Amino acid sequence: MNRNMLIRLVIDLSMTVLMLVAMAYQITGNTIHELIGVILFLLFIAHNILNRRWYKTIFKGKHNVQRILSISVNLLFLVSIAVVIISSVPISRDIFAFISINNDMTLLQIHVMASYWGFIFMAVHIGMSWGKIIIAVRKMTGITSTSRIRTIAFRIIAVLIVVYGVQASFERDMLSRLTIYNPFGWSFDESSMGFLIDHLAIMGIYISGTHYVLKFVRKQDKAIAYKDR
């Protein structure tokens, strides 16, 4: 793995972990939440600088189904994070308290909804790169051979994660969090470990779903390309 790839992997992993921590507002408190938000903003800028060539290729080359999906998800993720960043400044109570707007529930609602949409798009974004991540991990661990037993085991684990993730989505009322903000908060017995496990499982739904949907799309693209010969 070259240096640039390693830096990108570290930044992406850091952004994923910090976004989960930032969403645990009821656990971390406001000051830590805002501090992590600033760090996420800096990592987001670094991520886009390292991937700036991607923007130049959006309108170039052939646009098959997979590429259109990839561009759409990446742009939606970009927009959601931009909305989170822009809306965070006026509602800040600590770091940017000198320019904050008090009691603006509309901005707070937009901030929370955009955060959860960003969380979903981030998981889909990871799912689109899951094949590359697996290859990178194999190179780092020295795994070169394939194993049917290992593949089956990982697929069983993936199914279990998705099943638990669906249950956690209903228990945490994710649909409401994506559509409306409750200013009085959601009633949920929160713990650091419970929050982490539930949200990782919810991410697992979209990572696994995206990964296997793309595998199906690639097969369809290959079949169409073969027929066009």
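This note goes through the predicted model point by point, from the overall fold to single residues.

1. Basis. The model is predicted: local features need pLDDT of at least 70, side-chain atom pairs count only at pLDDT 80 or more, and totals for chains, interfaces and linings use all residues. Residues are numbered from 1 along each chain as its sequence is written, and side-chain values use heavy atoms, with hydrogens and water left out.

2. Overall make-up. The protein has 10 helices and zero strands. Helices (H or I, at least four residues) and strands (E, at least two) are DSSP runs, numbered from the N terminus. Read from that end, the order of elements is α-α-α-α-α-α-α-α-α-α. Contact means heavy atoms within 4.5 Å. Among contacts between residues at least 6 apart in sequence, 75% join residues at least 24 apart.

3. Accessible areas come from the Shrake-Rupley method with a 1.4 Å probe; for residues, only the protein chains shown count as cover. A residue is buried under 20% relative accessible area, exposed over 50%, and partly exposed in between (1.4 Å probe, protein chains only). Of the 229 residues, 31% count as buried.

4. The nonpolar core. In soluble globular proteins, nonpolar side chains tend to be buried together. A nonpolar core is here a set of buried Ala, Val, Leu, Ile, Met, Phe, Trp, Tyr and Cys residues joined through side-chain atoms within 4.5 Å. Which members of the largest core touch the most other members? They are L40, F119, M122 and M203, out of 33 residues. At least two residues each come from α1 (3-23), α3 (30-50), α5, α6, α9 and α10. Helix α6 gives the most, with 10 residues. Leaving aside neighbours within four places in sequence, F119 is in contact with M19, L20, M23, M174, H199, I202 and M203.

5. Two positions in other contacts. A114 lies in helix α6 and counts as buried, at 9% relative accessibility. Not counting residues up to four places away in sequence, A114 touches S80, V83 and V84. The C-alpha atoms of A114 and I81 are separated by 7.1 Å, although the two residues are 33 apart along the chain. Y206 is in helix α10 and is partly exposed, at 29% relative accessibility. Beyond its neighbours within four places in sequence, Y206 is in contact with I120, A123 and V124. Y206 and F121 are 85 residues apart in sequence and 8.5 Å apart in space, C-alpha to C-alpha.

6. The salt bridge. A salt bridge is a side-chain nitrogen of Lys or Arg within 4 Å of a carboxyl oxygen of Asp or Glu. By this rule there is one salt bridge. The side chains of D198 and R172 form it, at 3.0 Å from N to O. The pair links distant parts of the chain, 26 residues apart: D198 is in helix α10 (residues 192-227), and R172 is in the loop between α8 (148-171) and α9 (174-179). Are these two residues buried or exposed? D198 counts as buried because its relative accessibility is 5%; R172 counts as buried at 2%.

7. A residue in the loop between α8 and α9. D173 is placed in this loop. D173 has a positive phi of about 50 degrees although it is not a glycine. At 31% relative accessibility, D173 is partly exposed.

8. Aromatic pairs. Rings of Phe, Tyr and Trp (its six-membered ring) pair if their centres lie within 6.5 Å; planes under 30 degrees apart count as stacked, over 60 as edge-to-face and the rest as tilted. The whole structure has two aromatic pairs. One of them is W54 with Y55: the ring centres are 5.2 Å apart and the planes are at 75 degrees, so the pair is edge-to-face. W54 is partly exposed at 26% relative accessible area, and Y55 is partly exposed at 33%.

9. A surface patch. L35, I39, I95, F96, F98 and I99 form a nonpolar patch on the surface, with about 550 Å² of accessible area together. Patches are made of residues with over 30% relative accessible area and no salt bridge: like charges are joined within 9 Å, nonpolar side chains (Val, Leu, Ile, Met, Phe, Trp, Tyr) within 5 Å. F96 is in the loop between α5 (65-88) and α6 (105-128).
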